[in-house]
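The sequence and the coordinates are shown first.

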Amino acid sequence: QGQLDESGGGLVQAGGSLRLSCAASGRNISDYNMAWYRQAPGKEREIVASISWSGANINYATYSVKHRFTIIRDNDKNTLYLQMNSLEPGDTAMYYCNSDHNDGPYYFNWGPGTQVTVSS
């Protein structure tokens, strides 16, 4: 299986922005629909956004995320991104990337994730 390495998280005030990166190795992300997930303390991991292998189809989990986050993929760099604007305290979570589980199994080993903390 491929490996993933997320980065770009941090502590920001509400209203701030972050750009998360997910660098893949061992497999090409161009072969898969990919997604960002997040897990808040005490909650199950949930999907945040997904993007098809070509980038033509993008889905966001909620209306709120759709109007604040942008999922981007660069297949040449084998990297997935999540641009997050207008961050809210409710966005505080550990963020992970992987293949879109709605299309089958996870094709990459889970990376360490990157922590996003939004203060009010």
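The model is predicted. In it, 6 strands form an open sheet with mixed pairing, in the order β2-β10-β9-β4-β5-β6. The edge positions belong to β2 (10-13) and β6 (58-60); each has a single partner strand, so one side of each is left without a neighbour in the sheet. From one strand to the next, the twist averages 25°.

Strand β9 is paired with both β4 and β10. Its antiparallel pairing with β4 comprises 6 bridges, and its antiparallel pairing with β10 comprises 3 bridges. At the residue level, Tyr95 faces Arg38 on the β4 side and Thr114 in β10. Ala93 has Val116 in β10 as its bridge partner. How enclosed is β9 by the rest of the structure? Of its 7 residues, 6 are buried, so the strand is largely enclosed.

**Nonpolar core**

The largest nonpolar core holds 26 residues, and those touching the most other members are Trp36, Val48, Phe69, Leu80, Leu82, Met84 and Tyr95. At least two residues of this core come from each of β3 (18-25), β4 (34-39), β5 (46-51), β7 (69-74), β8 (79-84), β9 and β10 (114-119). The most is given by β3, with 4 residues.

Not counting residues up to four places away in sequence, Val48 touches Trp36, Tyr37, Arg38, Asn59, Tyr60, Ala61, Val65, Phe69, Leu82 and Tyr95.

**Disulfide**

The structure holds 1 disulfide, which joins Cys22 to Cys97 with an S to S distance of 1.7 Å. The link is right-handed, with 50° about the S-S bond. Distant parts of the chain are brought together by this pair: Cys22 belongs to strand β3 and Cys97 to strand β9, 75 residues apart.

**Accessibility of selected residues**

| Residue | Relative accessible area | Class |
|---|---|---|
| Cys22 | 1% | buried |
| Cys97 | 0% | buried |
| Asn98 | 0% | buried |
| Ser30 | 26% | partly exposed |

Why is Asn98 counted as buried? Its relative accessibility is 0%, and the class requires a value under 20%.

Asn98 lies in strand β9 (residues 93-99). Its side chain reaches the backbone oxygen of Phe108 at 3.1 Å. Leaving aside neighbours within four places in sequence, Asn98 is in contact with Leu4, Met34, Ala35, Tyr37, Tyr106, Tyr107, Phe108, Asn109 and Trp110.

Ser30, by contrast in setting, is found in the loop between β3 and β4. The residue is partly exposed because its relative accessible area is 26%, a value that lies between the limits of 20% and 50%. Beyond residues up to four places away in sequence, Ser30 touches Trp53, Arg73 and Asn75. Ser30 and Ser120 are separated by 90 residues in sequence and, from C-alpha to C-alpha, by 38 Å in space.

Definitions and conventions
Residues numbered from 1 in each chain as written. Predicted model: local features only at pLDDT ≥ 70, side-chain atom pairs only at ≥ 80, totals over all residues. Heavy atoms only, no water. Buried < 20%, exposed > 50% of the residue type's maximum accessible area, 1.4 Å probe, protein only. Polar contact = N/O pair within 3.5 Å; in protein donor to acceptor, adjacent residues only side chain to side chain. Contact = heavy atoms within 4.5 Å. Core = buried A, V, L, I, M, F, W, Y, C linked by side-chain atoms within 4.5 Å. Pairing = 2+ DSSP bridges. Axes fitted to C-alpha atoms, helices over the stretch in contact; angles between N-to-C directions. Disulfide = S-S within 2.5 Å.
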